Amino acid sequence: MAGFQETLHKAATHLRGMTLSQRLAILLGVVLVAGSLAWMVQWAATPEYTPLLNQSFSPEDLATISSGLDTLGEPYRIVGSQVLVPASTNTSGLIARLQQANKLPADTSIGFEQLVAEANPWISQAENTRRWTLAMQTELEQVLSRFTGVRRANVFLNLNAQKATFSRFQPANTASVTLTMDGGAPVPRALALSAARLVAGAVRGLPVENVQVVDSTGRPALDWDDEVDGSLSSLARRQKQLERDTAAKIASQLDYIPDLKVNVQVVLDHTSSNSHETATSDGAVTRKRSYEEQRSDAQRGGQPGVQPNVGAAAVTSASGTQETRTESEQEFQPSIRDTQQSKPAGSVDKIFAAVSISRAYLEGVYRLNNPDADPPTETQIEETFLRQRDRIVRQITKLVYPPSAEQIAVDWHYGPVAIAAEQDSASEVIGAGVSLDLLRRYGPASGLGALALVALFLTMRMARSSVSGEAFGMELGLPKEAIEAAKRAAADIKQAPTASAAGGEPPPAAQPVGVAGDALFEGQEIDDETARVEKMLAQVSEMIEADGDLVAGMVEKWASSN
């Protein structure tokens, strides 16, 4: 302590020895250091903010997310077109809560892509796509696991990254989400819709109706045929859901019957009602009072007056009169029972079930009971059915409403009947359907390929049909006039009549005009240039046959000199 006081004394003495400007400079430095320390403390105490999703949002989306965060009581900031939350926030859980409250935009694919982005130039595109898909599945599973009531979530993405080569129909992206609820409860419809929208928004090009949400038992939580059709009301969806659930329960109860057909019809009460009933009873005793009164009169024996002296006489004494009276009073507090009942619209009024079992099952039951008997007749099948019907009705009575056998209809059917004509017609119909489907899918691409092959064939044929003499003459560097003359000569030779066309024998060898003989032969006149070209071509052909290498060297030397 003494040292500290000595240091302060020396500092004060030193300051007194300074000028005013020096003292002001030191004071300004102290203020700057103190301000810097205060700013650093405030900065360290302020939490760091990071983007909720690393993507830009429209003003409408920003307003939606802001309202959701305000409802949840989460701190946030809006910087530009992004939403920032404290770095310590559980981002996956916050995204899950916002999605359940429908406070996220429809398209969040860019933000999720940034979460799982990983670029590696040394691996193939297919491997990059596989890794991205696995990372996206893991990220979505983490977010879905934060949904209220969800114990575990599994996501499978089927993304067709490669384009179709020979078909105009590109396979659509699909996804499957399995949600395991706490206690094995079924997945609520609202939660299933939120999960489907989250997955569809996170993956670009994935329609929401291509996301299938199931529970841990594999039962679908959404029927997109009903969800896409906006004309269905909530009561209609509830009716269809009850019908599916009841049919599934009946099918599970009778799963030992092969080729079982189950249909269920649920009738809902679309009216709501309220009832109010007031009843008064005796209630409880609040006051009770009772008292008892006894009264007696005594009389002497014999009658009044003189009694004759006739000897000893029995004296009787009449007993007196005794009266007892008891009175009681009670006071009751009356009891009033007020009952109010409210029945909302959509309550189940009736549930009907129709079950049809196959003849094969009835025949199997008959053979089990009669192993040595002949194949059953229709009468025996009907008798077996009547016995099985009572068992089936007893099993599913508790699943209908009201639980009565009148709500259940049970019948049997033949099942697949092997009739050759029907099979042939069905095969033709199926074959025609498959052919039309293949034609519709691959017809345009196949037509383009066939046209390309025809064009290639025609081009090759035209190339083969070109005059070899013309090509050879151009290679030799002959003048164009000589080549045209050779072509005219070849055409004239082709047009000359032949003996085979006239039906006679082949004509004899041509002889010069004026040679002795009985017959005169017609000769075709050719000019000198054509004769010279034909003679030149003949000589070249002879030289090629004699020594092809020598001719090739001469032609090459001739072409290089020209």
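Search this whole structure and two aromatic pairs turn up (ring centres of Phe, Tyr or Trp, its six-membered ring, within 6.5 Å). It's a predicted model, where local features need pLDDT of at least 70, side-chain atom pairs need 80 or more, and totals for chains, interfaces and linings use all residues. Numbering starts from 1 along each chain as its sequence is written, and side-chain values use heavy atoms, leaving out hydrogens and water.

**Aromatic pair**
- Tyr-256 and Tyr-361 pair up at 6.3 Å centre to centre with 55° between the planes, which is tilted (under 30 degrees is stacked, over 60 edge-to-face, the rest tilted).
- The pair links distant parts of the chain, 105 residues apart: Tyr-256 is in the loop between helix H9 (234–253) and strand E7 (261–269), while Tyr-361 is in helix H10 (residues 359–369).
- Helices (H or I, at least four residues) and strands (E, at least two) are DSSP runs, numbered from the N terminus.
- Tyr-256 is partly exposed because its relative accessibility is 36%, whereas Tyr-361 is buried at 13% (buried is under 20%, exposed over 50%, partly exposed in between; 1.4 Å probe, protein chains only).

**Thr-384**
- Thr-384 sits in helix H11 (residues 378–396) and counts as buried, with 2% relative accessibility.
- Not counting residues up to four places away in sequence, Thr-384 touches Leu-362, Val-365 and Tyr-366 (contact: heavy atoms within 4.5 Å).
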